[in-house]
Amino acid sequence: MISDYRKIIVKAEKLKTENKKFLDKVKKLAPKDLDIVTHELHEQAFKKIDCLQCANCCVSTGPLLLNKDIDRLAKTFKTKPSIFAEQYLKIDEDNDYVFKQMPCVFLGNDKYCTVYSDRPNACREFPHTQQRNILQKLKITYLNTTICPAVALIVDALKEKYKV
């Protein structure tokens, strides 16, 4: 991760308590324009943050894999889902499939995902700030502020917009 992105993450880590309180207030306030505002801020943030210069999500946190993700990846590797799962996955404390190791085994040295077109749904949807019903995703948004510099920028901008 480049140093400017690391600085954003470090700042977000220092602001964890403040960000949690803010997002809790936003949830109670339930602004009607939250999706529109967040989507605009998402677009702005990703003009500043290049995922291929970061890849912190692939380095520090693993996705939950659904059966359809396992099936798709097994097909990519021309193997059975059970064999794919045995080789790459483990079951976590919530009884969900996750990768055995982090950084993600499919993250190349160039920070490109070697299974990008077949990546798990959780990877496709990350960081969730581009989705609908952001109000329902504020908890994951809070958690992602210390993983994704773009999310940290989005939350900073939301604090400016909603000053609650």
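Helices here are DSSP runs of H or I with at least four residues, strands are runs of E with at least two, and both are numbered from the N terminus. With that in hand, hello everyone, and let's look at this structure together.

A word on where the values come from. This is a predicted model, in which local features need pLDDT of at least 70, side-chain atom pairs count only at pLDDT 80 or more, and totals for chains, interfaces and linings use all residues. Residues are numbered from 1 along each chain as its sequence is written, and side-chain values use heavy atoms, with hydrogens and water left out.

Let's start with charges. Side chains of opposite charge can pair when their charged atoms come close. The rule for a salt bridge is a side-chain nitrogen of Lys or Arg within 4 Å of a carboxyl oxygen of Asp or Glu. How many salt bridges does the structure hold? There are seven.

Please find helix H5, residues 67–76. Arg 72 and Asp 69 both sit in this helix, three residues apart, which is about one turn. Their side chains meet in a salt bridge, with N to O at 2.6 Å. Is Asp 69 buried or exposed? For that we need the cut-offs: buried means under 20% relative accessible area, exposed means over 50%, and partly exposed is in between, using a 1.4 Å probe and protein chains only. Asp 69 has a relative accessible area of 0%, so this residue is buried.

Asp 24 is partly exposed at 35%, and Lys 20 is partly exposed at 36%.

Now for a salt bridge that reaches across the chain. Lys 159 and Glu 18 meet through their side chains at 2.8 Å, N to O. This pair links distant parts of the chain: Lys 159 is in helix H9 (residues 149–162) and Glu 18 is in helix H2 (residues 16–29), 141 residues apart. Lys 159 has 15% relative accessibility, so it counts as buried, while Glu 18 has 43% and counts as partly exposed.

Let's move on to helix H3, residues 34–48. The expected span of a helix is 1.5 Å times one less than its number of residues. Which residues of H3 are buried? They are Leu 34, Val 37, Thr 38, Leu 41, His 42 and Ala 45. Looking down the axis of H3, these buried residues fall within an arc of 140 degrees, so they line one face of the helix. That arc is taken from the directions from the helix axis to the C-beta atoms. The face turned away from the buried side carries the exposed residues Ile 36 and Lys 47. What covers the buried residues includes H2, helix H8 (138–144) and H9, where contact means heavy atoms within 4.5 Å.

Next, the rings. Rings of Phe, Tyr and Trp (its six-membered ring) pair if their centres lie within 6.5 Å; planes under 30 degrees apart count as stacked, over 60 as edge-to-face, and the rest as tilted. By this rule there are seven aromatic pairs. In one of them, Phe 99 and Phe 106 have ring centres 5.7 Å apart and planes at 70 degrees, so the pair is edge-to-face. Both Phe 99 and Phe 106 are buried. They also belong to one aromatic cluster with Phe 77, Phe 84 and Tyr 88.

Last, the backbone. A cis peptide bond joins Met 102 and Pro 103, with omega about 0 degrees. Another cis peptide bond joins Phe 126 and Pro 127, with omega about 10 degrees, and Pro 127 lies in the loop between H7 and H8. Ala 55 has a positive phi of about 60 degrees although it is not a glycine. You can find Ala 55 in the loop between H3 and helix H4 (56–60). Lys 78 also has a positive phi, near 55 degrees. Ala 55 is buried at 5%, whereas Lys 78 is exposed at 76%.
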